[in-house]
Amino acid sequence: EEATAFGALKAGIEAVHVIESGETLTRIAQKYYGTKKLWPYIAAYNKSLDFNRINAGTKVNIPILCNR
């Protein structure tokens, strides 16, 4: 597990999300976590992706968060 300000990222994936055109990490965080503020955890879990140049159709792993 990786320590975070929120608690920890569990070793696991809550979901695999397919990016839609115009979608943002904040919108994805709102959908899965109920708050936009947790978008950095999605970015951290998907380190190999460049979210400044992400295309529609790209699959993003949504990590399981503890203490949520």
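R53 is exposed, with a relative accessible area of 69%, where exposed denotes over 50%, buried under 20% and partly exposed the range in between, for a 1.4 Å probe and protein chains only. Its partner D50 is partly exposed at 37%, and D50 and R53 form a salt bridge whose closest N and O atoms lie 4.0 Å apart; the term requires a side-chain nitrogen of Lys or Arg within 4 Å of a carboxyl oxygen of Asp or Glu. The structure holds 1 salt bridge. The model is predicted, with local features requiring pLDDT of at least 70 and side-chain atom pairs pLDDT 80 or more, whereas totals for chains, interfaces and linings use all residues. Residues are numbered from 1 along each chain as its sequence is written, and side-chain values use heavy atoms, with hydrogens and water left out.

E23, placed in the loop between β2 (8-18) and α1, is buried yet has no salt bridge, the nearest side chain of opposite charge, R27, being 5.1 Å away; in this assignment Lys and Arg count as positive and Asp and Glu as negative, while His and the chain ends are not counted. The E23 side chain instead makes a polar contact with the side chain of H17 at 2.9 Å, and it also reaches the backbone nitrogen of E20 at 2.9 Å. Such a contact is a pair of N or O atoms within 3.5 Å; within protein, one must be able to donate a hydrogen and the other to accept it, and residues adjacent in sequence count only if both atoms are side-chain atoms.

Note on methods. Helix = DSSP H or I, 4+ residues; strand = E, 2+ residues; numbered from the N terminus.
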